[in-house]
Amino acid sequence: MNVVMRICKKIIPVCLSLAMLASCSDEPRRDTGRIYMPDMTYSRAYETYAVTPEERDALLKKGIHYSNIPVAGTMKRGAIFPFDIMQDAAGDTTNYVASKSVKNPLSGLDDATMTEANRLYLVNCGICHGTKLDGNGPLYRGGDGPFPAKPATLVGDVKYESMPEGQMYYSVTYGKNKMGSYASQLDTRQRWMVIAYIKAKQAAAHPAPASDSTGKKN
Amino acid sequence: MAQDGKALFQSDCASCHNPIKQVTGPALKGVTARVPDQKLLHAWIRNNSAVLASGNKYFNDLYIQFGKTPMNTFPQLTDAEIDAILKYVETYPEPGGGGAKNPNEGPATQTLESDNSLLYGILTLILAVIMLVLLQVNSNLRKLSDDKSGVPSHDPIPFYRNKVYLTFLGLVLFVIGGYYIVQAAIGLGRQQNYQPEQPIFFSHKVHPGTNQISCLYCHGGAWDSKMAGVPSLNVCMNCHAAINDYKGEPLYRANGKEVDATGEIQKLYSYTGYDPKSGKYTEPGKQIEWVKIHNLPDHVYFNHSQHIRAGKVQCQTCHGSITEMNEVKQFSELSMGWCINCHRTTKVNFPDSAGNGNKFYSIYEKFHQNLSTGKMDSVTVENIGGTECQKCHY
């Protein structure tokens, strides 16, 4: 009998605490809870993005080379040759002007590439420049959105319709005015693809852009 | 013809200027007070380089302050047009005046559906007490009747030593305790509904929800690789270099506390070392240590791009209605049973004879034959090996 009593004394508090835990479900769950085997759950290998610069330095001291940045001056096989124009210093426009002469290495995109370029445009550019390339994406919404500057009207503004592809590439790579650099989100080929897509859309909107007199003055 | 200042402003000025915010160029509201000479202001707007060359101190200082970025010239604007633009700029509402908050609006409507289990518990307790009382009454009555009829009675056993009661109690506790212990054991290592507080209150309800930013804008890795990835700070700053305050609906944490969203954007600036006043990075940036929510054990392989691109699974299938989450919580169980269940029931998008569907699956010739002969009506992920151990554990 005493044994039963002793067991009961042990079980009752456990049950009560479990019941209390179960009844707290309205609060947001801020803890991860317990796990069986931490070394099987949390990776002991260095995963993508998991290494901080400090950790990388500590690894280097141990002779382990972990770098998530390609060696300077190297490029992937089959990649498009990198853009060799550097970013201008603040207030300087020499390289921005020089970029006009750079030609798009991609021309005449096939349908599949154009579909992919369309996807890239919608993911990365459409948010400001609009799905119709009218410079009125959901972040601007005709001046009512959160973005305070008007994004460029890519189709319907002579300034951008006549802008050479190299200069567009410069802006996408290094950023221009309040637009940031997209070099971390789009690789070299993808940036040229998006520019080819924009040029194709501009050409489609104006069958003869040279003789277009309805466009806005710059 | 009345000049439309807003339209003119948006077409000619807005790519670099905002009436109340410094963007590429200075905030324009109050410009007529800062430059009282109307003729000079018009001359500046039409051809700023001529004004700079004339040596005007105010404009030359401004030019240096804004990093010598030259302003475009607008020789085509008429006086009436410039006045319309200036009128629009000067009458632009002050910040904070427009989006007045409704003080009556409480925190996100809490679901007031009361849980009945407490009521049932109390009822059960009351019934149990009544049962105990009745049992006592019953035994007392029996004792009385036994006394009357002269049956010798032994000392009554107190209820806490009554074997029947104790066995019953033990059994009930065993069942209840067992239930909770089993539940807790299954829950070990599972983090469903995990909703940690992040170093910066980043609302998915605002970013992909209200502002319709594609998931892949920030989590581009999900398209190309195993990891969806957390964006680096430069991706945040693509927009937040310009967007330095929040004017939308009030935001609340999961525990109902209101969030100072503009303050959260300032936190981002402190991490990036960005000075919103000068628009420059003045201090070295440091990393934001986001708290990882969705964690798969190290011995499980999961690939985002495989699921999104070949499988055409939507983000929301596993991550829930992410566009309604101010604070992200783990929607799915992420248990093995959950994975397998989905692999058993999900039909893969097999290409049909017309060529519609995912051509990735065209290598499964046998299934194509079975489909065309009617032996199978659809192919699930399990059919193409989605429940093999080595698919995810190797």
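Does B:P208 count as buried, exposed or partly exposed, and how many C-beta neighbours does B:P208 have inside 10 Å?

## Around B:P208

B:P208 counts as partly exposed because 19 C-beta neighbours lie inside 10 Å. For the cut-offs, a residue is buried with 20 or more other C-beta atoms within 10 Å of its own, exposed with 12 or fewer, and partly exposed in between, with C-beta atoms placed from the backbone. This is a predicted model, in which local features need pLDDT of at least 70 and side-chain atom pairs count only at pLDDT 80 or more, while totals for chains, interfaces and linings use all residues. Residues are numbered from 1 along each chain as its sequence is written, and chains are lettered from A and ligands numbered from 1 in the order in which they are written.

B:P208 sits in helix α9 (residues 205-210) of chain B; helices (H or I, at least four residues) and strands (E, at least two) are DSSP runs, numbered from the N terminus. Setting aside neighbours within four places in sequence, the contacts of B:P208 are B:I213, B:C215, B:I322 and B:T323, where contact puts two C-beta atoms, placed from the backbone, within 7 Å. From B:P208 to B:C218 is ten residues in sequence and 9.9 Å in space, C-alpha to C-alpha.

## Helix α8 of chain B

Helix α8 (residues 163-187) of chain B has 25 residues and spans 35 Å from its first C-alpha to its last, close to the expected 36 Å; that expectation is 1.5 Å times one less than the number of residues. Of those 25 residues the number buried is zero, so α8(B) lies largely in the open. Just after α8(B), B:G189 adopts a positive phi of about 80°.

## Where the chains meet

Here 58 residues of chain B are in contact with 47 residues of chain A. On the chain B side, α1 (5-13), α8, α10 (215-218) and α12 (233-240) each give two or more residues, and α8(B) supplies the largest share, nine residues. That side divides into 25 nonpolar, 27 polar and six charged residues. Ala, Val, Leu, Ile, Met, Phe, Trp, Tyr, Cys and Pro count as nonpolar, Asp, Glu, Lys and Arg as charged, and the others, Gly among them, as polar.

Chain A itself has nine helices and zero strands, and 23% of its 218 residues are buried.

## Domains of chain B

Chain B is divided into domain 1 (5-90), domain 2 (147-332) and domain 3 (335-392), with bounds from an automatic or database domain assignment. The centres of domains 2 and 3 of chain B, taken over C-alpha atoms, are 32 Å apart.
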